[in-house]
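Try each task before reading its solution.

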Amino acid sequence: MKKRLFFCLMLIINTIVCMAQTMQKHTVKRGETLENIANMYGITVAELREANPNMGEYYYVGMVLNIPEKKETNTQVPATTTTNSEKRDVLVTNTTTKGTNTQLSPPKTLHIESEDGFLNEGRDYFFLIRPKDKYYGLLYGGLLSKFCYMAINAGYGFQKDNHSAGINFGIGWGSKYRFGPILLEGSLFPYVGGSSHDEADIEKEGKTKTKNEFSYGAQANIGIGYNIYRRKKDGGGTYLTIGYIMAAPKFKTDKMVKNGEWLVGLSTDF
């Protein structure tokens, strides 16, 4: 009787240990490959794939893998390393098993969604709208680095007795921050350019003349976007963005907010 109880107890302990080994997990970290992970636990890539049938062709940073029980006859695969990237990588590795040898083809890298945080690149394509005085325009801008922004905008206004147009260029502080599907952005920079507008001609009563002049000042804009498209190939995304842009001609800030313009358009992070 004692022998039977001892045998059952050992069987239960052995079962628990096997289950614990079978249920061992590993979270994929940046720079890890299947070869790294298999080598870490003393198993083959084929065994690792067999234990994770839902993995399919791709795996990604943050994915939780099942680690099977180590076998004495497993084949070690030399570890390889990959360089860090600003984006999360999906590593594609084709394997073929013959006997006890595992043959690996060179891994390919497929970029998917980038990590949240400040972006190093991005472009803006906006319409400028100021309905009260029928002023409309276009703005193109982009990050030159993580915190440096360049913008070019042009606009045209047409009131009943006054037409105006302008174009300016500026470089200054600017940044984009992504949080999940949300993109926040803002910029502040000095600008230079040219403008023209109609004004009354004193010499010719009832007539107007066009006046061209050099323009300068400061400009600021803020915007918020929502992701509407994400490319699986390299992780690039497109966001539908709305915001507000304010200009201070000749650095006079008294009417900066009042004379601002709404902007709506597309922002990208690639």
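## The largest pocket

The largest pocket has a volume of about 950 Å³. This is a predicted model, in which local features need pLDDT of at least 70 and side-chain atom pairs count only at pLDDT 80 or more, while totals for chains, interfaces and linings use all residues. Residues are numbered from 1 along each chain as its sequence is written, and side-chain values use heavy atoms, leaving out hydrogens and water.

**Exercise 1.** Find which residues lie nearest the centre of the largest pocket, and sort its lining by class.

*Solution.* Step one is the term: a pocket is an open set of points on a 1 Å grid over the protein atoms alone, where a 1.4 Å probe fits, with protein on both sides within 12 Å along at least five of seven lines; lining residues have an atom within 4 Å of a point. Step two is the lining: it has 36 residues, and Arg130, Tyr135, Tyr191, Ala247 and Pro249 lie nearest the centre. Step three is the source of the lining: elements giving two or more residues include E8, strand E10 (148-158) and strand E14 (237-249). Step four is the class count: 13 nonpolar, 14 polar and nine charged residues.

**Exercise 2.** Work out where Arg130 lies relative to the ring of Tyr135.

*Solution.* A charge sits over a ring if NZ of Lys or CZ of Arg is within 6 Å of the ring centre and within 35 degrees of the ring normal. Arg130 lies over the face of Tyr135, at 4.6 Å from the ring centre.

**Exercise 3.** Classify the ring pair of Tyr125 and Tyr140 as stacked, tilted or edge-to-face.

*Solution.* Rings pair if their centres lie within 6.5 Å; planes under 30 degrees apart are stacked, over 60 edge-to-face and the rest tilted. The structure holds nine aromatic pairs. In this one the centres are 5.6 Å apart and the planes at 55°, so the pair is tilted. Tyr125 belongs to strand E8 (residues 123-130) and Tyr140 to strand E9 (residues 135-145), 15 residues apart.

**Exercise 4.** Is Asp269 buried or exposed, and what does its side chain reach?

*Solution.* Buried means under 20% relative accessible area, exposed over 50%, partly exposed in between (1.4 Å probe, protein chains only). At 6%, Asp269 is buried. Its side chain reaches the backbone nitrogen of Gly237 at 2.5 Å. A polar contact (N or O atoms within 3.5 Å, one able to donate a hydrogen and the other to accept it) of 3.4 Å also joins the side chains of Asp269 and Arg230.

Definitions and conventions:
Rings of Phe, Tyr and Trp (its six-membered ring) pair if their centres lie within 6.5 Å; planes under 30 degrees apart count as stacked, over 60 as edge-to-face and the rest as tilted. Helices (H or I, at least four residues) and strands (E, at least two) are DSSP runs, numbered from the N terminus. Grid points are joined across faces, edges and corners, and a volume is the space filled by probe spheres set on the points. Ala, Val, Leu, Ile, Met, Phe, Trp, Tyr, Cys and Pro count as nonpolar, Asp, Glu, Lys and Arg as charged, and the others, Gly among them, as polar.
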